[in-house]
Amino acid sequence: MSSVNENLSHKDEVRARVWRELRKVAYPDSRFHYDFSSFIADFNGSQQAADRLLSLHAYQDCDMVFITPDNCLQYLREETLNAGIKVLTTTYGIKRGFWLLDPDKIRQSSYKYASTLDGMERVGKHASLEDILNWDLSVGCMVTGTGAINHKGIRFGKGHGFFDLEWGMLFSLGVVDLDTLTAALVHDCQVLEDELQAEEFDTVCDLVITPTRMIIVEPSKKPTCGILWDRLEDGMLEDIPPLQELKEHQGPTGQ
């Protein structure tokens, strides 16, 4: 128990240290101001970082990518649609599940609106886990923002583990696998030299992309455990419909 508490304390210390620097370059959220525990902030230079990812052939060759609903990824969501690539995303906190943004089904003049948290639910299509299976979706790349990350691709987000849940659900469905590219888009001040310890469920990123550079992580370790039901925060199962759907699908054993 003490080692778990020490790990949590270390994570909190790292977040606090990074957030002090991030405050200098971040843009406030309309609801959460600069409360970085409640959202992943956009920052000065995020478009340059997104353009770096968009220029990669491995990204351009994807038919579909998953992009988290983080503020710093709005431009990436828009430009991915402009590139003719479908975007799978989730609402804030996954509370209204997954949404599919298909550039062939959305007017190009609405791509910018579709890339916003409000717009995605108005012009996108809701996707239950059953829909994702029935539509035979396959995700070539998963992209996230994060609170902090080190050179080995180990992330420290807001502390809720939403990206790990998204990976775990999609992995359980066979929509992503160990060869799926994972990328974090961050400001340079969020990249750490620290040696961090990944937990069993942590989705390590293959690429760390900033406004000034790209770090390639070799090898990266992605989890195969799916959802660890006994490790969920209180209320998560009740608040996140796709988790409820997956649990019902897997049955009482969670397999």
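Biologist: Let's start with Phe66: which residue of S5 stands opposite Phe66?

Modeller: In this predicted model, Met142 is the one facing Phe66. Phe66 also stands opposite Leu88, and that residue belongs to S2.

Biologist: What makes S1 and S5 a pair of strands?

Modeller: The rule asks for at least two bridges between two strands. Strand S1 (residues 64–67) and S5 have three bridges, so they pair, and the sense is parallel. S1 and S2 are joined by three bridges too, so they also pass, again running parallel.

Biologist: And how many bridges join S5 to S8?

Modeller: Four, with S5 and strand S8 (residues 181–185) running parallel.

Biologist: How many residues of S2 are buried?

Modeller: Five of its five. On one side you have Lys86, Leu88 and Thr90, and on the other Val87 and Thr89.

Biologist: There is another sheet with S6 in it. In what order do its strands come?

Modeller: The order is S7-S6-S9, an open sheet of three strands with mixed pairing. Strand S7 (155–156) and strand S9 (191–192) each have a single partner strand, so they stand at the edges, with one side of each left without a neighbour in the sheet.

Biologist: How do you know that S6 and S7 pair?

Modeller: The threshold is at least two bridges, and two bridges join strand S6 (residues 148–150) to S7, so the pair qualifies. The two strands run antiparallel.

Biologist: On to the rings. Why are Phe32 and Tyr92 called stacked?

Modeller: Two numbers settle that, because a pair of aromatic rings is described by the distance of the centres and the angle of the planes. Centres have to lie within 6.5 Å, and planes under 30 degrees apart count as stacked. Phe32 and Tyr92 have centres 5.6 Å apart and planes at 25°, so the pair is stacked. By this rule the model has seven aromatic pairs.

Biologist: What makes Trp167 and Phe171 an aromatic pair, and of which kind?

Modeller: With 5.9 Å centre to centre, they are inside the 6.5 Å limit, and 20° between the planes is under 30 degrees, so they count as a stacked pair. Both lie in helix H8 (residues 162–173), four residues apart, which is about one turn of the helix. Trp167 has 1% relative accessibility, so Trp167 counts as buried, whereas Phe171 has 22% and therefore counts as partly exposed.

Biologist: Which residues form the aromatic cluster around Phe32?

Modeller: One cluster takes in Trp19, Phe32, Tyr34, Phe36, Phe39 and Tyr92.

Biologist: How do you know that Arg23 lies over the face of Tyr34?

Modeller: CZ of Arg has to be within 6 Å of the ring centre and within 35 degrees of the ring normal. The distance for Arg23 is 3.5 Å, and Arg23 is placed over the face of Tyr34. Arg31 lies over the face of Tyr92, at 5.2 Å from the ring centre.

Biologist: Why is Asp104 called exposed?

Modeller: Exposed means over 50%, and Asp104 has a relative accessible area of 72%, so Asp104 is exposed. Asp104 sits in the loop between S3 and helix H5 (111–114).

Biologist: Last one: which residues are closest to the centre of the second largest pocket?

Modeller: Asp29, Ser30, Arg31, Asn71 and Leu117, out of 19 lining residues. The pocket holds about 380 Å³ of space. H6 gives the largest share of the lining, three residues. By class, the lining has nine charged, five polar and five nonpolar residues.

Definitions and conventions
Residues are numbered from 1 along each chain as its sequence is written. This is a predicted model: local features need pLDDT of at least 70, side-chain atom pairs count only at pLDDT 80 or more; totals for chains, interfaces and linings use all residues. Side-chain values use heavy atoms; hydrogens and water are left out. Rings of Phe, Tyr and Trp (its six-membered ring) pair if their centres lie within 6.5 Å; planes under 30 degrees apart count as stacked, over 60 as edge-to-face and the rest as tilted. Buried means under 20% relative accessible area, exposed over 50%, partly exposed in between (1.4 Å probe, protein chains only). On a 1 Å grid over the protein atoms alone, a cavity is a set of points where a 1.4 Å probe fits but cannot get out, and a pocket is an open set with protein on both sides within 12 Å along at least five of seven lines; lining residues have an atom within 4 Å of a point. Grid points are joined across faces, edges and corners, and a volume is the space filled by probe spheres set on the points. Ala, Val, Leu, Ile, Met, Phe, Trp, Tyr, Cys and Pro count as nonpolar, Asp, Glu, Lys and Arg as charged, and the others, Gly among them, as polar.
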